[in-house]
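Here is a short briefing on one structure. Sequence and model come first, then the points by topic.

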Amino acid sequence: MINFTLKIALAVLSGLLIGLEREYKGKNAGLKTNTLVAVGACVYVLISLQFYGEEYADITRVLSQVVTGMGFLGAGVILQKEKEDKIKGLTTAATLWCSGGAGCLAATAMFVELGILTVVVVVINIVFGYVDDKIEGE
């Protein structure tokens with residue numbers, strides 16, 4: 001029970017930290033969405049790990065289904081603005097994909113890697129968001 005709680009708590013923390021920047025920027029997938037994606041991915045991987053060693057069970061299949069689910073969610077946040085002829089939401093979709101990966105890392109007890117991923121995603125979104133704003137402003 002403690003192991004489960006720790007992994008879920010770390011998935012929640014990672015999802016919150018990743019989603020914070022999206023929330024701050026007013027994107028449609030912010031704190032709640034990124035946190036729920038990380039927690040959901042964590043839970044599904046934890047369930048699959050219960051079948052480790054069972055005959056005819058491939059616990060890695062759940063990981064591929066998490067990735068598929070992230071694609072579905074990501075597609076939901078990508079929009080084309082007809083008047084501007086621009087695509088919006090790609091960064092948010094990619095961020096959701098990373099949140100799913102964070103949940104998978106938490107579930108597999110890859111805690112150092114989870115910390116690195118969380119920091120990298122937040123830094124990329126902040127730094128390159130700033131760079132992108134500067135480029136678009138010119």
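Setting aside neighbours within four places in sequence, Leu 17 is in contact with Thr 118 and Val 122. The model is predicted.

**Leu 17**
- Leu 17 lies in helix H1.
- Its relative accessible area is 40%, so Leu 17 counts as partly exposed.
- Between Leu 17 and Thr 68 there are 23 Å in space, C-alpha to C-alpha, and the two are 51 residues apart in sequence.

**H1 against H2**
- Helix H1 spans residues 2–24, and its axis comes within 7 Å of the axis of H2.
- The two axes cross at roughly 150 degrees. H1 is therefore roughly antiparallel to H2, the cut-off being over 145 degrees.
- The crossing of H1 and H2 is right-handed.
- On the H1 side, the contact uses Phe 4, Lys 7, Ile 8, Ala 11, Val 12, Gly 15, Leu 16, Ile 18, Gly 19, Leu 20, Arg 22 and Glu 23.
- H2 meets them with Leu 31, Asn 34, Thr 35, Ala 38, Val 39, Cys 42, Val 43 and Leu 46.
- By class, the contact of H1 with H2 holds 13 nonpolar, 4 polar and 3 charged residues.

**H2 against H4**
- Helix H2 covers residues 31–49 and helix H4 covers residues 90–107.
- Their axes come within 7 Å and cross at roughly 40 degrees. That angle makes H2 oblique to H4.
- The crossing of H2 and H4 is right-handed.
- H2 contributes Thr 33, Asn 34, Val 37, Ala 38, Ala 41, Cys 42, Val 45, Leu 46 and Leu 49 to this contact.
- H4 contributes Thr 95, Leu 96, Ser 99, Gly 100, Gly 103, Cys 104, Ala 106 and Ala 107.
- The contact of H2 with H4 has 11 nonpolar residues, 6 polar ones and no charged ones.

**Cysteines**
- The whole structure was searched for disulfides, and 0 were found.
- Cys 98 is in no disulfide; the nearest cysteine sulfur belongs to Cys 104, 12 Å away.
- Cys 98 has 25% relative accessibility, so it counts as partly exposed.
- Cys 104 counts as buried, because its relative accessibility is 11% and the limit is under 20%.

Methods: Residues numbered from 1 in each chain as written. Predicted model: local features only at pLDDT ≥ 70, side-chain atom pairs only at ≥ 80, totals over all residues. Heavy atoms only, no water. Disulfide = S-S within 2.5 Å. Buried < 20%, exposed > 50% of the residue type's maximum accessible area, 1.4 Å probe, protein only. Axes fitted to C-alpha atoms, helices over the stretch in contact; angles between N-to-C directions. Helix = DSSP H or I, 4+ residues; strand = E, 2+ residues; numbered from the N terminus. Parallel < 35°, antiparallel > 145°, perpendicular 65-115°, else oblique. Left-handed = near helix turned anticlockwise from the far one by under 90°. Contact = heavy atoms within 4.5 Å. Nonpolar A, V, L, I, M, F, W, Y, C, P; charged D, E, K, R; others polar.
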